[in-house]
Amino acid sequence: MSEGESLQISFQILFLHIWSCLKLYLIGVYALLKELAEKTVVPAFEELSTDGLVAIVTGGASGIGYQVSRKLALKNVHVFIAGRSKQEADEAIAKIRAELSTVRVQFLHLDLASLTSVRSFVENFLHTGLPLHILINNAGVMLVPYSETEDGLETHFQVNYLSHLYLTSLLLNKMKASGTPDRCAHIINVSSIVHWVADATDIKPSHTSISSYSPHSAYASSKLAVIMSTYILSQLLKADNSNVTANCLHPGVVNTNLYDNIHWSVRWVMDIMRHLFFKDAIEAANSVVFLALSPLVESHTGAYYDNCKVSQSKHCTYSKTCQYNLAKMSCELLGIQSLNQTS
Ligand SMILES: NC(=O)c1ccc[n+]([C@@H]2O[C@H](COP(=O)([O-])OP(=O)(O)OC[C@H]3O[C@@H](n4cnc5c(N)ncnc54)[C@H](OP(=O)(O)O)[C@@H]3O)[C@@H](O)[C@H]2O)c1
Ligand SMILES: *[C@@H]1O[C@H](CO)[C@@H](O)[C@H](O)[C@H]1NC(C)=O
Ligand SMILES: *[C@@H]1O[C@H](CO)[C@@H](O)[C@H](O)[C@H]1NC(C)=O
């Protein structure tokens with residue numbers, strides 16, 4: 001390759017990096033303005049009985065996940081906080097217990113950067129013999145530098161998307177057995193409005209050259225994959241007439257630790273914005289709990305929610321071809337026949 005050509009390629013890569021970065025911040029600003037214009041309203045609902053309900057919340061010890069675990073536990077749901085750090089979870093559990101001593105919340109170890117960990121988590125959960133009515137796929141990472149998991153996959157791809165898909169498929173039989181027609185079991189995937197800046201072709205399990213890796217694009221495309229997999233599986237669930245629903249949502253622009261990996265050059269602006277304008281995790285959690293407990297959306301399935309309303313996701317998420325390709329790639333990576341296969 002001549003020097004001119006390699007310089008041209010370097011410029012192209014630089015341009016792509018800047019463009020992925022810019023797109024993410026633009027959609028972020030758009031989301032924030034939209035939120036400031038239309039206040040969050042969680043429709044009031046008369047709850048059905050929550051007696052005997054069991055929930056798993058991934059990343060349930062901090063941020064939005066913590067507030068979701070807390071809300072559900074205070075409403076008498078038996079909550080499993082699935083996360084990497086026992087210490088963090090124990091602190092979270094102690095805080096919830098201080099509010100109400102009779103809550104049922106417990107920790108189960110889950111590291112989404114490992115498929116082996118996902119499998120042992122599921123074994124441990126099934127070992128309790130409890131049913132499973134609510135699965136909240138909430139854990140996530142954002143803008144981490146290029147790294148590969150022990151399974152050789154890019155971290156955003158595996159943690160935000162593939163391991164959750166695997167977790168869901170391994171728990172599906174249990175959920176099918178736990179839902180009833182008037183009380184479906186619910187899968188809720190936390191996605192993001194930033195999926196709009198990604199394309200189905202950006203979804204990559206790993207990168208051969210690190211220079212082509214953009215953390216901005218990796219985050220956005222993992223969230224796009226979450227939406228597409230929600231659509232794919234909800235169709236399969238509907239076709240089976242199963243008593244399980246699956247929905248996803250954008251929780252809002254929320255002040256949490258998720259922004260820890262943001263570049264130092266914009267961090268100070270972000271820090272000011274976070275404190276002044278971002279939603280707090282409690283508000284965001286309310287819109288997740290709405291999907292888990294409200295009779296208003298009890299049997300609704302296969303939708304993307306923003307601010308408690310069904311919303312359009314990016315057009316490519318509805319493409320049958322793109323959905324098929326993603327399902328095929330994911331099944332190959334997991335060594336399973338179909339996303340509906342449950343063991
Ligand atoms: N904040 C926002 O503005 C915003 C906007 C749109 C969507 N979201 C989505 O909302 C969800 C929750 O994020 P958040 O804002 O609440 O951020 P957060 O406070 O950083 O929470 C992320 C959670 O994921 C867990 N996690 C990360 N890697 C993990 C792994 N390998 N295995 C198991 N758990 C892991 C973290 O646990 P550790 O403590 O162990 O790291 C943490 O509990 C994410 O899916 C995020 O993409 C957030
Ligand atoms: C989202 O929900 C579907 C169920 O429709 C599930 O198969 C999938 O694993 C979930 N995806 C993620 C990444 O959370
Ligand atoms: C849905 O629940 C009802 C009542 O428990 C049960 O009879 C039915 O078989 C369930 N549907 C499926 C597909 O499992």
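How many residues surround ligand 1, and which are the closest? The views below take up this site and others in a predicted model.

**View 1. The shell around ligand 1.** In total, 29 residues surround ligand 1. The closest are Arg 84, Tyr 219, Val 254, Thr 256 and Tyr 259. Two helices, α2 (63-74) and α6 (215-239), each supply at least two residues of this shell. By class, the shell holds 14 nonpolar, eleven polar and four charged residues.

**View 2. Polar atoms facing the oxygens of ligand 1.** Arg 84 places a polar side-chain atom 2.6 Å from an oxygen atom of ligand 1. The backbone also takes part. A polar backbone atom of Ile 64 is 2.8 Å from an oxygen atom of ligand 1. For Leu 258, a backbone N or O atom lies 3.4 Å from an oxygen atom of the ligand. On its own, ligand 1 has 890 Å² of accessible area, and the protein covers 92% of that.

**View 3. The site of ligand 3.** Thr 180, Pro 181, Asp 240, Asn 241, Ser 242 and Asn 243 are the residues around ligand 3. Four of these shell residues are polar, one is nonpolar and one is charged. An oxygen atom of ligand 3 lies 2.2 Å from a polar side-chain atom of Asn 243. Ligand 3 exposes 360 Å² when taken alone, and the protein buries 42% of that area.

**View 4. Lys 95 over the ring of Tyr 66.** Lys 95 lies over the face of Tyr 66. The distance to the ring centre is 4.5 Å. As for ring-ring pairs, a search of the whole structure finds six aromatic pairs.

Definitions and conventions
Residues numbered from 1 in each chain as written. Chains lettered and ligands numbered in written order. Predicted model: local features only at pLDDT ≥ 70, side-chain atom pairs only at ≥ 80, totals over all residues. Heavy atoms only, no water. Near = heavy atom within 4 Å. Polar contact = N/O pair within 3.5 Å; in protein donor to acceptor, adjacent residues only side chain to side chain. Areas by Shrake-Rupley, 256 points an atom, 1.4 Å probe, with all protein chains shown as cover. Nonpolar A, V, L, I, M, F, W, Y, C, P; charged D, E, K, R; others polar. Phe/Tyr/Trp six-rings, centres within 6.5 Å; stacked < 30°, edge-to-face > 60°. Lys NZ or Arg CZ within 6 Å of the ring centre and 35° of its normal. Helix = DSSP H or I, 4+ residues; strand = E, 2+ residues; numbered from the N terminus.
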